[in-house]
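Subject: Structure handover

Hi,

Here is the structure for you to look over. My notes follow below it.

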Amino acid sequence: MNRLGRLALGIAAFAACAAPRPGCAADPAKPAYPEGAATFQANCAVCHGPKGLGQPSLAPPLTNYPARYASIPQGRRQLAMTVLNGMFGGIDVDSKHYDFKMPEFTQLDDAALAAVLNFVVFGLANAAEQTKPLAPEEIAAERGHPADGAAVREHRAKVLAALGP
């Protein structure tokens, strides 16, 4: 199946899960970052799924790595770089390969991007309590250094090496 076909399946899966029901929509309890949750559902869930579990060959899950990234400065930079610049090319997540093109979200302001990242880091990836929430200032600092999606992927490899197994 080509990428367009996988995207169509992803959109159909998202539409089927848009209405709250068991096993499909995110927990209806108020999330810690409600604005971020709303932004995630409007912009990210179509590819990553409403619970951030990803879709085979289309988009990786967001339930592990973001919490790890948020624990170190270069990882926090990676999170900002990814939402601002997008990312493309092959990556491996949880022993599965993804070759996708994530769009950039520069149209969203720094506060919205920080909120969505905090929803992902704390709400989906369950970061430790001592992890510091991302601030709009971190997004703003990275916004001043545009990069292409390939450079974002290369930076990711360095962050993973720094984090270790």
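**Where α5 packs**

The buried residues of α5 pack against α4 (65-69), β1 (87-93), β2 (96-102), α6 (110-124), α7 (136-143) and α8 (149-163). Keep in mind that this is a predicted model.

α5 covers residues 73-85, which makes 13 residues. From first C-alpha to last, α5 reaches 18 Å, close to the 18 Å expected at 1.5 Å a residue. Is α5 mostly covered or mostly open? Mostly covered: 10 of its 13 residues are buried. They are G75, R76, Q78, L79, A80, M81, T82, V83, L84 and N85. After α5 comes G86, with a positive phi near 75°.

**α5 against α8**

Two packed helices are described by the angle between their axes and the distance between the axes. For α5 and α8, the axes come within 10 Å and cross at roughly 160°. An angle over 145 degrees counts as roughly antiparallel, and α5 and α8 are therefore roughly antiparallel to each other. The crossing of α5 past α8 is left-handed.

Which residues make this contact? From α5 come Q74, G75, R77, Q78, M81, T82 and N85. From α8 come G149, A151, V152, H155, R156 and V159. By type, the contact of α5 with α8 splits into four nonpolar, seven polar and two charged residues.

An α-helix has 3.6 residues a turn, so residues three or four places apart point the same way.

Now α8 on its own. The 15 residues of α8 should span 21 Å at 1.5 Å a residue. The end C-alpha atoms of α8 are 21 Å apart, in agreement with that. Buried in α8 are G149, A150, V152, H155, R156, V159 and L160. The buried residues of α8 pack against α4, α5 and β1.

**α5 against α7**

Here the axes come within 9 Å and cross at roughly 65° for α5 and α7. Angles of 65 to 115 degrees count as roughly perpendicular, and α5 and α7 are therefore roughly perpendicular to each other. α5 passes α7 in a right-handed crossing.

On the α5 side, the contact uses R76, R77, A80, M81 and L84. On the α7 side, it uses E138, I139, E142 and R143. What types of residue make up the contact of α5 with α7? Four are nonpolar, none is polar and five are charged.

**Two residues in α6**

N118 is found in helix α6. Is N118 buried or exposed? N118 has a relative accessible area of 4%; buried means under 20%, so N118 is buried. Leaving out residues up to four places away in sequence, N118 touches Y33, G123, P133 and L134.

A111 is also found in helix α6. A111 has a relative accessible area of 44% and is partly exposed. A111 and G36 are 75 residues apart in sequence. In space they are 9.2 Å apart, C-alpha to C-alpha.

Most residues other than glycine have a negative phi, and most peptide bonds are trans. Two residues to check against that follow.

S57 is not a glycine, yet its phi is positive, about 65°. S57 lies in the loop between α3 (45-48) and α4. S57 is partly exposed, with a relative accessible area of 37%.

D94 has a positive phi near 50°, again in a residue other than glycine. The place of D94 is the loop between β1 and β2. D94 is partly exposed, with a relative accessible area of 39%.

**The whole chain**

How many helices and strands does the protein have? Eight helices and two strands. From the N terminus on, the elements run α-α-α-α-α-β-β-α-α-α. The protein has 165 residues, and buried ones make up 43% of them. Among contacts with a separation of 6 or more, residues 24 or more positions apart account for 66%.

Best wishes

Notes. Residues are numbered from 1 along each chain as its sequence is written. This is a predicted model: local features need pLDDT of at least 70, side-chain atom pairs count only at pLDDT 80 or more; totals for chains, interfaces and linings use all residues. Side-chain values use heavy atoms; hydrogens and water are left out. Helices (H or I, at least four residues) and strands (E, at least two) are DSSP runs, numbered from the N terminus. The expected span of a helix is 1.5 Å times one less than its number of residues. Buried means under 20% relative accessible area, exposed over 50%, partly exposed in between (1.4 Å probe, protein chains only). Contact means heavy atoms within 4.5 Å. Axes are lines fitted to C-alpha atoms, for helices over the stretch in contact, and angles run from 0 to 180 degrees between N-to-C directions. Angles under 35 degrees count as roughly parallel, over 145 as roughly antiparallel, 65 to 115 as roughly perpendicular and the rest as oblique. A crossing is left-handed if the near helix is turned anticlockwise from the far one by less than a right angle, and right-handed if clockwise. Ala, Val, Leu, Ile, Met, Phe, Trp, Tyr, Cys and Pro count as nonpolar, Asp, Glu, Lys and Arg as charged, and the others, Gly among them, as polar.
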